[in-house]
Amino acid sequence: MDIEQKQEEIIDHFVKQASSLEGSALGSLVVEATSHPSLFAFSEILAVPNVLQLEGTETSVNLDVLRLFSQGTWSDYKRDASRLPQLVPDQVLKLKQLTVLTLAETNKVLPYDQLMQELDVINVRELEDFLINECMYAGIVRGKLDQLRKCFEVQFAAGRDPRPGQLGSMIHTLSNWLDTSNNLLISIQEKMKWADTMTELAKEHKKEVEDRVEEVKKSSSHKFHTVTRPTLTSGGTRRFTPNLVE
């Protein structure tokens, strides 16, 4: 089962649970969801009406935590730690994994120095262990650790929830891709039409040549005929010799 299909089942489970809970009862669900080792998207849970109703209440901090895991990074948490609850170890791990995904969205070559700063990792060995054991083995990224250049070359990264304003950019990119695809299709169709036309012309030319050859053959057979003429031999006898005449 791939990561997308697995996430769909987990998301569906938490959406159903969130729909049956209210107020402070949602707190434990938020911790469970943001600690789950296979869940990396939270927009569907955030869209549940019961969750949205936390806005402006005493328990609105649970909504803030969900938003942090939906679109934020480890650095965002450190900046707002004073107003957010302390994260459990599994939440810290999850947020750091999500931070790698955010960095991989815009850069396919991530310097070790940048990663260590963003993840609060103190040395290269700890960073590489984290990328291998907690990211690549988890299936959220694929890539190559380049120890010589001290960077992580990203080949694949799972997508996160779209951030505000990002959807418009995605739609623009997809629209450009669609326009390019349509233009390419039109070009291919025109070339196929040209190829069909040239094939038909070649067939017509071949038939014209064959017809002309047949005409020449018929003309030649009518133009020349055989005539037998008598000749005298040395013994005084007649011999008939065929000759081609026009």
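How many bridges join strand S2 to S3? Six do, with S2 (residues 141-146) and S3 running antiparallel; strands here are DSSP runs (E, at least two residues) and helices are runs of H or I (at least four), numbered from the N terminus. Two strands count as paired if DSSP finds at least two bridges between them. The model is a predicted one, where local features need pLDDT of at least 70 and side-chain atom pairs pLDDT 80 or more, while totals for chains, interfaces and linings use all residues. Residues are numbered from 1 along each chain as its sequence is written, and side-chain values use heavy atoms, leaving out hydrogens and water.

Four residues sit between S2 and S3 in a hairpin, and lysine 150 in the turn has a positive phi of about 55°. Aspartate 146 stands opposite cysteine 151 in S3. On to the other partner: S3 (residues 151-157) also pairs with S1 (residues 109-111), antiparallel over three bridges, and there leucine 110 stands opposite phenylalanine 152.

Beyond neighbours within four places in sequence, the contacts of methionine 136 (heavy atoms within 4.5 Å) are Leu131, Val141, Arg142, Gly143, Leu145 and Phe152. Methionine 136 is partly exposed at 21% relative accessibility, that class lying between buried (under 20% relative accessible area) and exposed (over 50%), with a 1.4 Å probe and protein chains only.

Elsewhere, lysine 94 lies over the face of phenylalanine 40, 4.7 Å from the ring centre. Lysine 96 has its charged end over the ring of tryptophan 74, 5.1 Å from the centre. Such a placement requires NZ of Lys or CZ of Arg within 6 Å of the ring centre and within 35 degrees of the ring normal.
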